[in-house]
Amino acid sequence: MPSDPRSSKRPARARMTATQRREQLIEVSRGLFAEKGFEGTSVEEVAARAEVSKPVVYEHFGGKEGIYAVVVDREVRALTDALTGALAEGGHPKVLVERTALALLGYIEASEDGFRILVRDSPVAQATGTFSSLIGDVATQVEHILGDQFTARGLDPRSAPLYAQMLVGMVALTGQYWLDARSPKKAEVAAHLVNLAWNGLAGMVTKPTLTKPQPR
């Protein structure tokens, strides 16, 4: 009697190497952290989605904190490379602002899950820093560029660090808004950012004051 084809065994799936398994767990966890945040994600969910047992997750990362640290570290490095690369090429300050805005928006476009993870308040201290500390590092680079421009325009260069924080913060917050809105297109968003930032800088006065004096 011929055997029932339905009773034949399915071919076994190829076993992953340790490196492949680690990468799979990172990718699975990345999606969960973006979707649910750190607190809302459990080792059980990571294991279930990766189709492994909980001990496998613990073996590779020691727990949820360990895998979260790896995910955040990778995203911070990716965004750092994008932003510092935009500033490293040099050029006219207006062009640098354009590049920085486009670099951030480009990262968001290519790594939506990663950006969602970075902008969440992380409950885990990271040696590599958080999104806010990363933005602060970029602002430090920008302040040197602004300082030169302030001096050239007869403005006080000592205020450059404050304006650098404002400028980079404006780009970062706009990026968070665009993450969900996705309209208008990336280049148009960058153009509007530069329009406000650059034309505002071009029209600055030496000693700005409020229209109405405020009580001390």
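Does Glu75 count as buried or exposed, and at what relative accessibility? Glu75 counts as buried, because its relative accessibility is 7%, under the 20% limit for that class. The legends below describe close-up views of a predicted model.

**Figure 1. Overview of the protein chain, an arrangement of 9 helices and 0 strands.** From the N terminus on, the elements run α-α-α-α-α-α-α-α-α. The chain has 216 residues, and buried residues make up 36% of them. Among contacts with a separation of 6 or more, 68% are between residues 24 or more positions apart. The structure holds 12 salt bridges; some of them are shown in the views that follow.

**Figure 2. The salt bridge between Glu75 and Arg30.** The closest N and O atoms of Glu75 and Arg30 are 2.7 Å apart. This pair links distant parts of the chain, with Glu75 in helix H4 and Arg30 in helix H1, 45 residues apart. Glu75 is buried at 7% relative accessibility. Arg30 has a relative accessibility of 16% and therefore also counts as buried, the limit being under 20%.

**Figure 3. The salt bridge between Glu44 and Lys54.** Here the closest N and O atoms are 2.9 Å apart. Glu44 belongs to helix H2 and Lys54 to helix H3; the two residues are 10 positions apart, and the pair links distant parts of the chain. Glu44 is partly exposed, with a relative accessible area of 43%. Lys54 is partly exposed as well, at 33% relative accessibility.

**Figure 4. The salt bridge between Arg77 and Asp73 within helix H4.** The closest N and O atoms of Arg77 and Asp73 are 3.1 Å apart. Because the two residues are 4 positions apart in helix H4, about one helical turn separates them. Arg77 is partly exposed, with a relative accessibility of 46%.

**Figure 5. A salt-bridge network of Glu112, Arg116, Asp180 and Arg182.**

**Figure 6. Lys64, a buried residue without a salt bridge.** Lys64 is found in helix H4, which covers residues 64-88. The nearest side chain of opposite charge is that of Glu39, 4.8 Å away. What lies 2.8 Å from a polar atom of the Lys64 side chain? The backbone oxygen of Thr41 does. Apart from neighbours within four places in sequence, Lys64 is in contact with Phe33, Phe38, Glu39, Thr41, Ser42 and Val43.

**Figure 7. The largest pocket, with a volume of about 340 Å³.** The largest pocket is lined by 15 residues, and the closest to its centre are Ala14, Arg15, Met16, Arg21 and Val52. Which elements give two or more residues to the lining? They are helix H1 (18-40), helix H2 (43-50) and helix H3 (54-61).

Terms used
Residues are numbered from 1 along each chain as its sequence is written. This is a predicted model: local features need pLDDT of at least 70, side-chain atom pairs count only at pLDDT 80 or more; totals for chains, interfaces and linings use all residues. Side-chain values use heavy atoms; hydrogens and water are left out. Buried means under 20% relative accessible area, exposed over 50%, partly exposed in between (1.4 Å probe, protein chains only). Lys and Arg count as positive and Asp and Glu as negative; His and the chain ends are not counted. A salt bridge is a side-chain nitrogen of Lys or Arg within 4 Å of a carboxyl oxygen of Asp or Glu. A polar contact is a pair of N or O atoms within 3.5 Å; within protein, one must be able to donate a hydrogen and the other to accept it, and residues adjacent in sequence count only if both atoms are side-chain atoms. Contact means heavy atoms within 4.5 Å. On a 1 Å grid over the protein atoms alone, a cavity is a set of points where a 1.4 Å probe fits but cannot get out, and a pocket is an open set with protein on both sides within 12 Å along at least five of seven lines; lining residues have an atom within 4 Å of a point. Grid points are joined across faces, edges and corners, and a volume is the space filled by probe spheres set on the points.
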